[in-house]
Number of protein chains: 6
Amino acid sequence: MKKVITFGEIMLRLAPEGYYRFLQADKYGATYGGGEANVAVSLANFGLDASFVTKLPSHEIGEAAVNSIRRFGVDTSMIVRGGERVGIYFLEKGASQRPSKVIYDRAGSSISTAIKRDFDWDNIFEGVDWFHFTGITPALGDNVADICLEACKAAKNKGITISCDLNYRKKLWSREHACKIMSELCKYVDVCIANEEDASDVFDIKAEHTNINGGIIDHEAYRDVAKKLENKFGFKAVAITLRSSISANDNKWAAMLYMNNEFYFSKSYNIHIIDRVGGGDSFGAGLIYSLLNGFDGQNAIEFAVAASCLKHTIEGDFNMVTVDEVLKLAGGDGSGRVQR
Amino acid sequence: MKKVITFGEIMLRLAPEGYYRFLQADKYGATYGGGEANVAVSLANFGLDASFVTKLPSHEIGEAAVNSIRRFGVDTSMIVRGGERVGIYFLEKGASQRPSKVIYDRAGSSISTAIKRDFDWDNIFEGVDWFHFTGITPALGDNVADICLEACKAAKNKGITISCDLNYRKKLWSREHACKIMSELCKYVDVCIANEEDASDVFDIKAEHTNINGGIIDHEAYRDVAKKLENKFGFKAVAITLRSSISANDNKWAAMLYMNNEFYFSKSYNIHIIDRVGGGDSFGAGLIYSLLNGFDGQNAIEFAVAASCLKHTIEGDFNMVTVDEVLKLAGGDGSGRVQR
Amino acid sequence: MKKVITFGEIMLRLAPEGYYRFLQADKYGATYGGGEANVAVSLANFGLDASFVTKLPSHEIGEAAVNSIRRFGVDTSMIVRGGERVGIYFLEKGASQRPSKVIYDRAGSSISTAIKRDFDWDNIFEGVDWFHFTGITPALGDNVADICLEACKAAKNKGITISCDLNYRKKLWSREHACKIMSELCKYVDVCIANEEDASDVFDIKAEHTNINGGIIDHEAYRDVAKKLENKFGFKAVAITLRSSISANDNKWAAMLYMNNEFYFSKSYNIHIIDRVGGGDSFGAGLIYSLLNGFDGQNAIEFAVAASCLKHTIEGDFNMVTVDEVLKLAGGDGSGRVQR
Amino acid sequence: MKKVITFGEIMLRLAPEGYYRFLQADKYGATYGGGEANVAVSLANFGLDASFVTKLPSHEIGEAAVNSIRRFGVDTSMIVRGGERVGIYFLEKGASQRPSKVIYDRAGSSISTAIKRDFDWDNIFEGVDWFHFTGITPALGDNVADICLEACKAAKNKGITISCDLNYRKKLWSREHACKIMSELCKYVDVCIANEEDASDVFDIKAEHTNINGGIIDHEAYRDVAKKLENKFGFKAVAITLRSSISANDNKWAAMLYMNNEFYFSKSYNIHIIDRVGGGDSFGAGLIYSLLNGFDGQNAIEFAVAASCLKHTIEGDFNMVTVDEVLKLAGGDGSGRVQR
Amino acid sequence: MKKVITFGEIMLRLAPEGYYRFLQADKYGATYGGGEANVAVSLANFGLDASFVTKLPSHEIGEAAVNSIRRFGVDTSMIVRGGERVGIYFLEKGASQRPSKVIYDRAGSSISTAIKRDFDWDNIFEGVDWFHFTGITPALGDNVADICLEACKAAKNKGITISCDLNYRKKLWSREHACKIMSELCKYVDVCIANEEDASDVFDIKAEHTNINGGIIDHEAYRDVAKKLENKFGFKAVAITLRSSISANDNKWAAMLYMNNEFYFSKSYNIHIIDRVGGGDSFGAGLIYSLLNGFDGQNAIEFAVAASCLKHTIEGDFNMVTVDEVLKLAGGDGSGRVQR
Amino acid sequence: MKKVITFGEIMLRLAPEGYYRFLQADKYGATYGGGEANVAVSLANFGLDASFVTKLPSHEIGEAAVNSIRRFGVDTSMIVRGGERVGIYFLEKGASQRPSKVIYDRAGSSISTAIKRDFDWDNIFEGVDWFHFTGITPALGDNVADICLEACKAAKNKGITISCDLNYRKKLWSREHACKIMSELCKYVDVCIANEEDASDVFDIKAEHTNINGGIIDHEAYRDVAKKLENKFGFKAVAITLRSSISANDNKWAAMLYMNNEFYFSKSYNIHIIDRVGGGDSFGAGLIYSLLNGFDGQNAIEFAVAASCLKHTIEGDFNMVTVDEVLKLAGGDGSGRVQR
């Protein structure tokens, strides 16, 4: 079985029930999530051997975070225990014209105060095929960026494929700082994942003016951005997702993969959203799975987009779908008919 | 008051809250349902004297199943108590491209192990106007099919109208076995109800090739299938529902009635679904009500489709609507404006 | 800070969870609401000094009603305590073609049995800029209509702007009685708010036949009704909301303001509804806020409609939105993208 | 099967979850209950043919009240539909030194505004063995007291045994008025049920001074009160319950039966309370069951007290226990060991 | 009306439902609490004019904290908005031999990072009769201790009575540091409140050896400690609570007041606990209320202990009881009988 | 780290909320449990390497059962997937005199239909120190008893310590059949665990008449039974638990260990019960842990009893306690004081 390591932060997610606003909440659903943890869970649900690396406090809230992913078969034996707190994010689900809101309360979390010698990357990467992280991890602090760099070097030494989802978070760092740090890290990255804004936010890479109008312009802009990213860092593959937000309840969702000088565009899905948080991460997991399993470009991007389409219908950060379910949707059955 | 008997299985339905997947469920909503029980409840809510016949264990879960329908006024005095267990079905509600899922756990239920002398049909049918069952009941086992046949004969002897919803369930029996058993039972049936696939699944009856295209083809196909069914079994009426599944959340819903050599097509509804399970059963109940009350063909099919349209907006298997509510919608008011 | 007084009834609202019907409810969500209380809470959430005047029993249910609005900063020091009961309304949320249902159980509430000397209007109106009530308040009984009239006179004496939302409730009084009482009260009103049916229901004011067809006719009809209302009572401003009900889940929502001989039409919103109760009240609050803060006609009506658009996405009667959130939507951002 | 009629009010019971106070409640558990309805449900659970007579509004809240008892097999076909509202009581569950609190909101309920010709007692009492009411029913209003008297006369004419639980409610009427009305009604009563305060509250009957001390005094006082009641009205049996309230969580519970000039004292139970509302009614039901089934005095009182002991462990007004469960406890097994 | 200011931290309290352990929690009840906020709410529920002073972030979680106490009538107009986060504490409710557990996550909260000029004490103390804080507030950081000292000086200048609950928290500071800071603050304090361990923890004040045995020793030890505290700081009154923990569910609870050279001992209560957090704070509030209203020593301590006894029966940090309820219990009625 | 294998059935446990009876349940808490799975989870929570062996269907309910224990770190890689269903047990929690009730619905579960070649015991026992099963496993069917025997032989061959909890279930097999099968299996067992009734139920071993009275008789009876068990099967250790059921809420709990010809009696705990299911299993896990870690006899039995005492305070079958928590209680701190 292919083995994947992901590294980052897992937070306690506190969300009022249903569509209640923060001001109405007298209880919070308590789940856990974070970019790289989400990817690990999704890969475990696909049947891969996924291991998540982070640092969590030794108290019960830290233990609950461990359990939240161990439950789905993610290997948690590489998680370091220590530090003071589990980062928290509060999530209010939007509806119609009212947007979802996230309030972060993650300063001082165990992983954000981790130090290099917390992690023995040579040991962690033993027998590993793929290493994944996102732009959120180095944004947690320069100490974490250093750890991330160390991990990239160790992975590269072992010939492990490295993927990175740019995932720019403006609350965590400035564009300038992000650009500096991510430029260094991206030297080690093989597969770059981004949404339609990340390339611009992090690297100031924008699509050239194109005089093609309507829906087609997206395709051209995609191609242009992907090529520029590939030129700058020598990525072996670049994947870009496109979300079209009609309302908080309804989104369009599609993506493109640029690989071996070919562009592969996925189908576009009209999604009636249950929970869109973790949508990008489920795309990343779908892409890692399909590339690790040798899918060709078109099938790879269709798998990744179908996987993330399904994620939008599932509560919580984690994508709880099997390979069969993804393949069924990617194969064209999106009618939602009851399966008995 | 008109009196209707329905005969079949009522199961414990265990469904995670909202849109949670099975893997996320730490509690299950516990309701009860099953094709013929659903029809009985709907008819009781319409004000008819409806009685449901089945076998249920004598323990508290069996008692809870009895109470679940007695609550709405269904007569439960003909229910036999005994056997080992209440059949169960697990239901996961789908959303958008993710389909709803049903896992059946019904083997060994009391009704599926019932024997002929559990039921005294002459007594049960005393003063009864209509007898209804579905294709699920004989599929529970040849012992139950035999009981069903006995019931049909007894009903026929008393001049009771018999309706059957074909309701093919591939998990319960093969097409071949279904065809054999249902062909025998359908000899006694006056009103045949089917969805767009049942006639093909059970009797291999398919619409002839028609060179009419677009939306109109459905009408022709319907007509053709209904006529073939009528030819084969001499049904007095054939009703066929058509579900068009846009997604797990949005369906189109309409139906046709073939009676006295006339075809009646209903309006089509665009439904935003709350719970689609029991949709077909609510159609059957609407049809039984309207035919028992002498509605003409067009009004009968409009009533049945409006009733089942409303069912899709109600949680659980049971249709909780009054005759007035159905008539209001059938009469054209589907705006959903608040009624104060 | 501008100070606003609203006067009316606040009721206990009992609503089954989610989309459950009354017949399925084994618990009721317990919140509080009522036209004028809703306006007061919305204004407090906008940062104004809002005070709600009513009468409530001295027991704990009455106290809970007080707390429900004090929580959001509404001044409750002018509420009189006494009488027998808190009025109740039961609310069943509709879906798709099934309408929402309200069952009122408000007879004998403390406010409906209040007497004139319960309220010292000179004291209540000290330092106040605006007084608001709706047509529901005088409909509670002639005793309450008398109190309302007294309040209007006291407000007028102090030069306080008076607004009234016509809000006709046919369960509370006849059209004839409403017309008589409201005609007297409207003499004191500066700003008249109505939905598309109120003017006709209360004053028998209907749009003249206009030979303009399609969507434009609404605009003409609006203009005509607003002018007639202005002619009859000398209102300084008339605002009319228009709801277009596609289903219980989906509505279109827009409004018009007639002021200083100009007509201002708002954008129209396609709303996926979470809870539409209190939608009109949130419009009134938005209008009061914008007019009190000197918004011009177009900005005033856009603010009021955007505010009430957002209300439709929030559970309960109360509009829990800030001025910034309303301005963001009024300014054009209705994409519902996650705000991190 | 023995048939019992009970007559009275059934109310919507609104109770905060667990031990929340009214001021903390944002939802209410919604069940139904009332003295005579509770007796009917308990008898139906014992397997008797129990029918509850009342008047309820024709809307859905009234229907839900009907369903709440029909669910357990109570015959509801004699319930009259009409009037304005379902009476409500709010219940806050106490703990330790904090008492439970009841806030009644029952004025204007359908039954309290019923008139004589709503009920055709000759028809209602067809084939009936026992008629039961409590002192709450005539307290609802003189109109209801008149109906009650009419019922008693009709029952007496048919030779039906009549039981009455005195159940004095000071919020509903004065002691003087209660005495006057109840004295008239008690002339028809065969079996009188009272708690330790009712005889004094309603009839000013108090135990004579007895110079026996300690725990024994209760027995003497009981005997004295029972004899006086029997002397005054010629009851065939008098049953008195004694509750000893250690705290809101822990009560002692016992009773005495005076019949055929013999006194029978039950065991005393130390009860850890789940819900004590309806405790007295469950005693009444137990007594009716045991007397109807010819239990001797000692077995009758033990059955009644064991039944009501179990009620204290069950949420809601209704006693959900079988005859077997009661006999097991009455027979001495109160260890609470798991039954597998 | 008497006016009281309290100053300290209010935290978000996250507690699993019922008796679930942290490792089982998939939702958290979200309430708010903290020593001084709890006192303010309790005083507001007693009808006093209570104002709580703190610093809270300007986002919605901060707003929800404000609303949580404003709801009960606490004046929140002196709360400063700013800083980064609301402190959090996780609470797991214990049972029987399993203790309750608190995990604090309060570092970096807005109040703990407040600075002197955030608070204008001269303005805050305008028209105030009493100022209360606990030992937790200065333990939040030396910056907060400085603010506290400034507040004490300002209060003293205005002749305001100052009370302090020692409330030692070992997770926040060492005994040495606590002793140093609290010794400085206590110079300004008039009324000192402590539990049976605080005097020893903070000031190393222990009861002298007494050769009186059994239950009486507590009384002597109390007297000794109170006298020593009074000697050291010149307090006008010293109150000490005594908790005797039989299990997580059952505690004994009593207290002593030393005032004007007299010792007053309260009754002792056997409490079946619903929620013991905030028990000490409710005692403080009871004492402040009774002293502010001129109760004599015995009545004052009985009121305070009865108030806090009732708190143990109420979910959440806040004491939701009225003066009447406390007086009833202090007066001897602890039977917990239903109040109708 | 010590490695333990347990083998048996894990069932879906469906329990109404709180103290609701089955007849009132409209939802069921869904957890998982079973004797040997409970032991495995408890051991994993103690930090051991615990692996649970069973057979579960490949559908989502089976997967959820796997996840329920994987979450706590139990190794699930030896679980075989296949068969038709997950066994179910319904649990109604009792209170006071009302006992808890269990309704089993486990016939036809995957493990009960397993065959020998489903399990490769040589592989399973690689590196294992201890093997544990209970009398429930062989009671599932002779096929499972055969598998159990095979496992015992394989374990014995590898020198693995074997423990068995007799755990007689009368619903599963007769005493005669149990005696025959268990006698064969017990030949391989090193450590025998039983409750006060098992030895009599399974092996007809009863304490000799002893003329020692009062509480001491239990000790003598224990000794006698333990010796007889040891004599019959040559167990290295025999542990017997004693439950004294005061009511469904309150039990006394203690145990004895007989090892190396010495008798060790534990403290006795008065437990206020939250959930007593799994109490015996948590004792077994405590004993395995303490013996594997070389505790002496007295410490071993104190650890096991303290662990199981804590289990009674925790919802669900699983014991969620750490070694530190157990040691703290075993060491004498059972006061339940809040731990901050």
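The sulfur of Cys186(E) lies 5.2 Å from the closest cysteine sulfur, that of Cys164(E), which is too far for a bond. Cys186(E) counts as buried because its relative accessibility is 1%; buried here means under 20% relative accessible area, exposed means over 50%, and partly exposed lies in between (1.4 Å probe, protein chains only). The model is a predicted one, in which local features need pLDDT of at least 70 and side-chain atom pairs count only at pLDDT 80 or more, while totals for chains, interfaces and linings use all residues. Residues are numbered from 1 along each chain as its sequence is written, chains are lettered from A and ligands numbered from 1 in the order in which they are written, and side-chain values use heavy atoms, with hydrogens and water left out.

A disulfide is a covalent bond between the sulfur atoms of two cysteines. With a disulfide taken as a pair of cysteine sulfur atoms within 2.5 Å, the structure holds zero disulfides over all chains. In chain B, the sulfur of Cys192(B) has its closest cysteine sulfur in Cys186(B), at 5.7 Å, which is too far for a bond. Cys192(B) is likewise buried, at 1% relative accessibility.

The relation between copies of the chain was examined next. Two copies of a chain are related by a rotation about an axis and a shift along it. Copies were superposed by least squares on the C-alpha atoms of residues with pLDDT of at least 70 in both. Chain E can be laid on chain F by a turn of 120° and a shift of 0.0 Å along the axis, with an RMSD of 0.0 Å. This is the relation of a three-fold axis. The residue of chain E that comes closest to the rotation axis is Gly18(E), with its C-alpha at 5.3 Å. The copies use different surfaces, as 4% of the contact residues of chain E recur in chain F, where contact means heavy atoms within 4.5 Å. Chain E can also be laid on chain D, by a turn of 120° and a shift of 0.0 Å along the axis, with an RMSD of 0.0 Å.

The contact between chain E and chain D takes 24 residues from chain E and 28 residues from chain D. The area buried between the two chains is about 2400 Å², of which carbon and sulfur atoms give 51%; buried area is the accessible area (1.4 Å probe) that two parts lose on being put together, summed over both. Arg337(E), Val338(E) and Arg340(E) supply 31% of the area that chain E buries against chain D, more than any other three residues. Three salt bridges are counted between chain E and chain D, each a side-chain nitrogen of Lys or Arg within 4 Å of a carboxyl oxygen of Asp or Glu. The side chains of Lys101(D) and Glu325(E) form a salt bridge with an N to O distance of 3.0 Å. Strand S15 (269–272), helix H10 (297–311) and helix H11 (323–330) of chain E each supply at least two residues of the side that touches chain D. S15(E) gives the most to this side, with four residues. Helices (H or I, at least four residues) and strands (E, at least two) are DSSP runs, numbered from the N terminus.

In chain B, Gly336(B) is placed in the segment after helix H11 (323–330). Gly336(B) counts as buried, at 8% relative accessibility. Residues that Gly336(B) touches include Ser96(C), Gln97(C) and Pro99(C).

Note on methods
Lists of a residue's contacts leave out its neighbours within four places in sequence.
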